[in-house]
Amino acid sequence: MFREMNHEKGQWNWSKQPTAMKKAWVHIWNIFQAEGTNDYATWVFNPTTTYGRPLDWEQYYPGDNYVDWIGFNGYNTGNGWWSPYRLFHQSVKLARNQHPTKPILLAEVGCDDLFGKGRWHRKAFEYAKLNGISAIGFWSEDWESGGVKVDSRIDSSPSALEGFREGVSDPYFLGIVPYRKL
């Protein structure tokens with residue numbers, strides 16, 4: 001709903017407005033509740049992490065009563081090799097400490113071909129499994145950000161696709177992720 005609200009570039013109209021964002025989140029959640037549709041929705045709080053920094057996402061968190069999952073976005077797209085551990089671990093650790101009952105997912109991840117994408121895909125699945133993260137969403141797109149072209153497609157090369165296939169075929173990731181509240 002309000003993805004990457006803490007992005008350091010403030011690229012969304014809800015960016016850099018933690019009080020307004022929390023108020024809007026709760027307002028929309030209350031509408032779903034009044035209509036009886038919260039049982040059919042999964043509320044994913046989805047901040048970004050940039051180069052391993054959590055970027056103060058906690059100030060945007062609307063509260064455990066309004067969030068089902070905590071998800072993080074992060075990319076290995078420049079400035080050298082950024083492993084999934086290096087990208088996500090500070091944020092995952094903070095989430096586990098502050099919100100121990102909330103499941104965590106890597107909501108939007110990707111790697112550019114310049115950085116050994118097949119290996120990075122394997123490492124992303126390995127990191128998730130070792131840290132009890134049961135879901136990963138890959139941003140599979142050829143895109144541009146700030147004049148920099150990034151190819152994060154999972155099938156941009158045979159090795160990238162093979163790394164993805166190996167990771168996703170692990171039985172750990174083949175279960176059913178519930179869409180309802182846990």
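**Entry 1: the overall layout**

What pattern does the protein follow, read along the sequence? I read it as α-β-β-α-β-α-β-β-β-α. My count gave four helices and six strands, taking helices (H or I, at least four residues) and strands (E, at least two) as DSSP runs, numbered from the N terminus.

A note to myself: this is a predicted model, where local features need pLDDT of at least 70, side-chain atom pairs count only at pLDDT 80 or more, and totals for chains, interfaces and linings use all residues. Residues are numbered from 1 along each chain as its sequence is written, and side-chain values use heavy atoms, with hydrogens and water left out.

I then looked up burial, and of the 182 residues of the protein, 46% count as buried (under 20% relative accessible area, with a 1.4 Å probe and protein chains only). For contacts (heavy atoms within 4.5 Å), I took those in the protein with a separation of 6 or more, and residues 24 or more positions apart account for 71% of them.

**Entry 2: α2 beside α3**

Next I turned to α2, residues 84-98, which packs with α3 at an angle of about 25 degrees, their axes 10 Å apart. The axes are lines fitted to C-alpha atoms over the stretch in contact, with angles from 0 to 180 degrees between N-to-C directions. That makes α2 roughly parallel to α3 (angles under 35 degrees count as such).

I noted P84, Y85, L87, F88, H89 and V92 on the α2 side of the contact, and W120, K123, A124 and Y127 on the α3 side. By class, I found eight nonpolar, one polar and one charged residues there; Asp, Glu, Lys and Arg count as charged, Ala, Val, Leu, Ile, Met, Phe, Trp, Tyr, Cys and Pro as nonpolar, and the others, Gly among them, as polar.

**Entry 3: α3 beside α4**

How do α3 and α4 cross, and at roughly what angle? The axes of α3 (residues 117-130) and α4 (residues 158-168) come within 7 Å and cross at roughly 15 degrees. That makes α3 roughly parallel to α4.

From α3 I listed K117, G118, H121, R122 and F125 in the contact, and from α4 several residues, including S159, A160, F164 and V168. The residues of this contact divide into four nonpolar, five polar and four charged.

**Entry 4: the buried side of α4**

Which residues of α4 are buried? I found A160, G163, F164 and G167. They lie on the same side of α4, because they cover an arc of only 95 degrees around the axis, taken from the directions from the helix axis to the C-beta atoms. The buried residues of α4 pack against α3 and β4 (136-138).

Methods
Angles under 35 degrees count as roughly parallel, over 145 as roughly antiparallel, 65 to 115 as roughly perpendicular and the rest as oblique. Buried means under 20% relative accessible area, exposed over 50%, partly exposed in between (1.4 Å probe, protein chains only).
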